[in-house]
Amino acid sequence: MAIDRRREAAGGGPGRLPPAAEENGALPPGDAAASAPLGGRAGPGGGGDIQPLPAPHAAGGPHPSLLLLDYDGSVLPFLGGLGGGYQKTLVLLTWIPALFIGFSQFSDSFLLDQPNFWCRGAGKGAESAGVTATGRWDGGDLANGTSPPTTLFPAAPWGTAGPLGNGSGSGADGGEAPPLPSPPDKGDNASNCDCHAWDYGIRTGLVQNVVSKWDLVCDNAWKVHVAKFSLLVGLIFGYLITGCIADWFGRRPVLLFSIIFILIFGLTVALSVNVTMFSTLRFFEGFCLAGVTLTLYALRIELCPPGKRFMITMVASFVTTAGQFLMPGLAALCRDWQVLQALIICPFLLTLLYWSIFPESLRWLMATHQFESAKKLILHFTQKNHMNPESDIKGVMPELEKELSRRPRKVCIVKVVGTRNLWKNIVVLCVNSLTGFGIHHCFARSMMGHEVKVPLLEDFYADYYAAAGIALASCLAMCLAVRVLGRRGGLLLFMILTALASLLQLGLLNLIGKYSQHPDSELQLKLAVGMSDSVKDKFSIAFSIVGMFASHAVGSLSVFFCAEITPTVIRCGGLGLVLASAGFGMLTAPIIELHNQKGYFLHHVIFACCTLICIICLLLLPESRGQSLPESIPDGEHYTRQPLLPPRRGEQPLLPTHAELKDYSGLHDAAAAGDGLPDGATANGGRPM
């Protein structure tokens, strides 16, 4: 055919048209080092054979050598993969700060816990009031150590309250707390707000926290929610801004400057003189914490070969969860919120040593064509691993020498707007992250809230460790599900579980209450009401546990999925968008608390509907398990949805690719030149009916 002859005449030369991505997400034969910038093996339509590398472009051409762009297939094996001792050291260095991040993520549960309070100077028979804080734990760790939750738990039963905390102006007493008065009647709570000074029963192991320090009760209780709000807003802005900066200037400078400034702002928080200063500094602390979390996540992903990425990321998640489990012990050890805040931040001093230890991401240097810096770093790797540079079988170093004069090409995340598939994948994962972390608060409130009266769950530590245990179980389940079902299949499974738990909690429990209101006799009415309350409580706890378990996995997998399918040149920007979406989901919790829980049911209904939309959208995502990370935006465009059924041999796609459309546009030229088509044959090789 005319098209085939023209393709053969132009094949392999510098001027040939680049083939487009196939529908199943695999690279077309002969493109991008056929060995695997996107997986190391041909797709179902490629016959299963790895095509040879095309001849590299000459130095100074429009594109660098394809050998250099195939990081997972050529550069990483040359450095020894993850088997090199230096690479293992760097991965270990990314795990250590995950513990400190876990401390900062869950500090709000202790610094801003709303204690029980009563008028100061009242006798033992005086009535006491408890702050009705209905906010709950709303996030869990984001992937693997990604996004800090603001944790709130309901007021503990009066008999289990912790040490007494003094109001502002009185020193913290380190002795044992005296017995607390009897619980108040609900009608007397308002009388405690007529006082000008209060005593507090703090449940978190501290003698004094931010609420008792500045008397943030009654008319000032809203300032507590603003303090939580400020940390989350700082995180959202930090993810968006530091992500773009890390793609432009590199991961290493963003990480190191974020560590320096989190030390400055974090330690200054402990010296706050009023709640306004505290909230403002917490915003900047959250901003810097976002930079540390995001850059460590990207560096961890970019260091690993395809088969080790998920395992390395999940280890970081377990380390962050360990920080969550250790926080109550730190609070009991410190006894004062200022000492606790300083103890949380001071371990970041150890990470200042990263300035001289941790290098820039070699993958990012290669993807942005900074080959001179990449050459120095490769030699540094070979020296640390005691490797012989002459063992370069694939010829990476000679090709690198040819490209040293090439100018760097850096890309901003806004370039994703002009893509066809990449923006769709990122938007779908943003919606999944928003839904997962947003609905998590709904399930946590249902399990630990006032509507579920279970004695075990009315204790602060039971609430806290229940949430931590669910997060740990969710991480373990993710390891198994992703290993069996892959990234897309695991995410789809957990999203279906989240939707089922949400819909059953909203629908089935209301159905039980409805039918219990129509018994045949008064005795049956009493029995039905008691039974329905008991059944509803048990079902609510069960659905809430399943929902927290599944929604935590949804949020974490969404972040990890985004890190795999986003190209290296804009990976931090894409991660920033997904993590910021998670922050917006968690932000709904303090907003609803600020409005005294108004709109909570509608909040749950909206997120339940979003889970159904996400289930449909997840089918549009590609599968990235075992695939190499995309390096450039065109590589990211090759990540397309795989068909549910494998294509038949010789089957043609229903829609022509972009390159084929260009070929058909020149048919009139071939016809004018007398290309010698057989009589009665059409342009595509068929014959008319």
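Colleague: Where is R488 found?

Modeller: R488 is found in helix α18, residues 460–515, where a helix is a DSSP run of H or I of at least four residues, a strand is a run of E of at least two, and both are numbered from the N terminus. Please keep in mind that this is a predicted model, in which local features need pLDDT of at least 70 and side-chain atom pairs count only at pLDDT 80 or more, while totals for chains, interfaces and linings use all residues. Residues are numbered from 1 along each chain as its sequence is written, and side-chain values use heavy atoms, with hydrogens and water left out.

Colleague: Is R488 buried or exposed, and which side chain of opposite charge is nearest?

Modeller: Buried means under 20% relative accessible area, exposed means over 50%, and partly exposed lies in between (1.4 Å probe, protein chains only). A salt bridge is a side-chain nitrogen of Lys or Arg within 4 Å of a carboxyl oxygen of Asp or Glu; for charge, Lys and Arg count as positive and Asp and Glu as negative, with His and the chain ends not counted. R488 is buried yet has no salt bridge, and the nearest side chain of opposite charge, that of E623, is 5.0 Å away. A polar atom of the R488 side chain does, however, lie 3.5 Å from the backbone oxygen of L619.

Colleague: How many salt bridges does a search of the whole structure find?

Modeller: The search finds eight. In one of them, the side chains of D108 and R282 meet at 2.2 Å, N to O. This pair links distant parts of the chain, with D108 in helix α5 (residues 108–111) and R282 in helix α10 (residues 275–303), 174 residues apart. D108 counts as buried because its relative accessibility is 0%, and R282 counts as buried at 0% as well.

Colleague: Which other pairs could I look at?

Modeller: R251 and D247 meet in a salt bridge at 3.1 Å, N to O, and both residues are buried. The side chains of E631 and R363 also form a salt bridge, at 2.8 Å, N to O; E631 lies in the loop between α21 (600–618) and α22 (633–637), whereas R363 is in helix α14 (residues 362–367), 268 residues away. Both E631 and R363 are buried. Salt bridges that share partners, moreover, join D247, R251, E302 and R571 into one network.

Colleague: What is G234 in contact with, leaving aside its neighbours within four places in sequence?

Modeller: Contact means heavy atoms within 4.5 Å, and beyond those neighbours G234 is in contact with F283, G286 and F287. G234 has its place in helix α8, residues 222–249, and counts as buried at 0% relative accessibility.

Colleague: How many helices and strands has the chain?

Modeller: The chain has 24 helices and four strands, and buried residues make up 53% of its 689 residues.

Definitions and conventions:
Polar contact = N/O pair within 3.5 Å; in protein donor to acceptor, adjacent residues only side chain to side chain.
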